[in-house]
Amino acid sequence: MTREAGRDEGLDEQVVLLVAGAADLAVSAVGSALGAVRGLLRRSDAAELAAEAQHELTARGRLVLDRYAAPPPAHLELLARHVVARRASDDA
């Protein structure tokens, strides 16, 4: 797919070029990741490194859950609020 000088690219050609560029980027990233994994597997302390990575991921998971998962309100607190609201409506 060559481009002639002065010719505007069509939308289809732009999409093909974007997909090809993204695919090339993905292939190079996967290749780099595989090289890093091979290097890690050759290390003598691979078991310790894996255990440390597991501990680190567990800690990160806890932080994410603590940040985004709001704890539900206490059950007794909800019951108390319901009773107060009901008494207020009965008195009115």
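Colleague: Is Arg 81 buried or exposed?
Modeller: Arg 81 counts as exposed, at 52% relative accessibility. Buried means under 20% relative accessible area, exposed over 50%, and partly exposed in between, with a 1.4 Å probe and protein chains only. This is a predicted model, in which local features need pLDDT of at least 70 and side-chain atom pairs count only at pLDDT 80 or more, while totals for chains, interfaces and linings use all residues. Residues are numbered from 1 along each chain as its sequence is written, and side-chain values use heavy atoms, with hydrogens and water left out.

Colleague: Which side chain does Arg 81 meet in a salt bridge?
Modeller: That of Glu 77, at 3.2 Å from N to O. A salt bridge is a side-chain nitrogen of Lys or Arg within 4 Å of a carboxyl oxygen of Asp or Glu. By this rule the count comes to one salt bridge. Glu 77 is partly exposed, with a relative accessible area of 40%.

Colleague: Why are Arg 81 and Glu 77 separated by about one helical turn?
Modeller: Because they are four residues apart in helix 3, which covers residues 75-91. Side chains of opposite charge can pair when their charged atoms come close.

Colleague: How many helices and strands does the protein have?
Modeller: Three helices and zero strands, in the order α-α-α from the N terminus. Helices (H or I, at least four residues) and strands (E, at least two) are DSSP runs, numbered from the N terminus.

Colleague: What about the overall dimensions?
Modeller: The protein has a radius of gyration of 29 Å, whereas a compact globule of 92 residues would have one near 12 Å. The radius is taken over C-alpha atoms, and the globule rule is 2.2 Å times the number of residues to the power 0.38. Along the principal axes, the C-alpha atoms fill a box of roughly 85 × 55 × 15 Å. Buried residues make up 1% of the 92 residues.

Colleague: How far apart are Gly 35 and Leu 79 in space?
Modeller: They are 58 Å apart, C-alpha to C-alpha, and 44 residues apart in sequence. Gly 35 lies in helix 1 and counts as partly exposed, at 36% relative accessibility.

Colleague: Where is Leu 11 found?
Modeller: Leu 11 is also in helix 1, which spans residues 11-41. Leu 11 is exposed, with a relative accessible area of 63%.
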